[in-house]
Amino acid sequence: MFSDRRSRGAYCAAVLITILKLPLDMPPPESPSLTTPKGLNLFTGLADYVRRCQTFEGGISAKPGVEAHGAYAFCALGCLAILDAPHRIFSRYLDMPRLISWLSSRQYAPEGGLSGRTNKLVDGCYSHWVGGCWPLIEAAIHGPTILASTGTPSSGVEDLYSREGLVRYILCCGQDQTKRGGMRDKPYQPSDAYHTCYVLSGLSSAQHITRILSSDEDGMFPPWTYEVLPHISEAQVYNEEDRVSPTDPVYVIPEDRRKDIMSYFSSRPGF
């Protein structure tokens, strides 16, 4: 269905279709001589398209055959996480060891920030586009958790990237210290709304840990549910009052707002 689209467009479409509870079925053809293949819907072929976007480096590109890019990695993982639970679908369509290796290479020292492509400088917005991939990957690796949440902040969780390094970059380099305020790409750049949004989103993902909840050892909620808890470690480099609110790892909005939106449109069939 999305074979002629970029993975970013596919992600935007998948988010809108699911959060607005739009019908997945294809509309009837305009011409009576045309027929819609049985079983075809708006998500048909999406997962396979994402698979073809993975490059030889291990990253994910906008479309098959072009350079891997951090923003498209998040969009691709978001698409797959909408289609099925991460622990089931990621390894089915992606070479996860290569993807993890590529994402790990996007974090530089000594900056601690993230870049979007090979041999590019760090940029604050990739705190989300690359940093936002890690909650989904970690949820996929650890799999579902029995529904017995204690709400206890996480501790002793093995990280796949340096949360401390990313948080240090955001707090030390990502804030515009002038009267303008806001967040920015890097120290010599001015702040803007785009970077303010995605730097704060990246800060949220670095300050929290995501896990998938299940109703029993084998089953999942329909749809699968994520629990986002504070990440606590001895290397924490910020005060608790500087912890930002958690967000849904796929839709990147507060979880309660996502639920409210979906509930609203679920009650209005035919929208």
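The chain holds ten helices and three strands. Both are DSSP runs, numbered from the N terminus: helices are H or I with at least four residues, strands E with at least two. The model is predicted, so local features need pLDDT of at least 70 and side-chain atom pairs count only at pLDDT 80 or more, while totals for chains, interfaces and linings use all residues. Residues are numbered from 1 along each chain as its sequence is written, and side-chain values use heavy atoms, with hydrogens and water left out.

Of the 271 residues, 46% count as buried. Buried means under 20% relative accessible area, exposed over 50%, and partly exposed in between (1.4 Å probe, protein chains only). Contacts are heavy atoms within 4.5 Å. Among contacts with a separation of 6 or more, 62% join residues 24 or more positions apart.

Two packed helices are described by the angle between their axes and the distance between the axes. Helix α1 (residues 7-19) packs with helix α3 (residues 70-83) at about 35°. Their axes are 8 Å apart. Axes are lines fitted to C-alpha atoms, for helices over the stretch in contact, and angles run from 0 to 180 degrees between N-to-C directions. The crossing is left-handed, a term used if the near helix is turned anticlockwise from the far one by less than a right angle (right-handed if clockwise). From α1, the contact takes in Ser7, Arg8, Ala10, Tyr11, Ala14, Val15 and Thr18. From α3 come Tyr72, Phe74, Cys75, Gly78, Cys79 and Ile82. By class, nine of these residues are nonpolar, three polar and one charged. Ala, Val, Leu, Ile, Met, Phe, Trp, Tyr, Cys and Pro count as nonpolar, Asp, Glu, Lys and Arg as charged, and the others, Gly among them, as polar.

A cavity is a set of points where a 1.4 Å probe fits but cannot get out; a pocket is an open set with protein on both sides within 12 Å along at least five of seven lines. Lining residues have an atom within 4 Å of a point. Points are joined across faces, edges and corners, and a volume is the space filled by probe spheres set on them.

The second largest pocket has a volume of about 150 Å³. Tyr11, Val15 and Phe74 are among its lining residues. Helix α9 (193-207) gives the most, with three residues. The lining has nine nonpolar, two polar and no charged residues.

One cavity reaches 30 Å³ or more. Of its 14 lining residues, Pro135, Ser205, Thr247, Asp248 and Pro249 lie nearest the centre. Elements giving two or more residues are α9 and β2 (208-214). The largest share, three residues, comes from α9. The lining has five nonpolar, eight polar and one charged residues.

Most residues other than glycine have a negative phi, and most peptide bonds are trans. The bond from Ala109 to Pro110 is cis, with omega near 10°. Pro110 sits in the loop between α5 (96-104) and α6. Asn119 lies in the loop between α5 and α6, and its phi is near 65°. Asn119 is exposed, at 73% relative accessibility. Val252 has phi near 55° and lies in the loop between β3 (225-230) and α10 (255-266). Val252 is partly exposed, at 21%, and also lines the second largest pocket.
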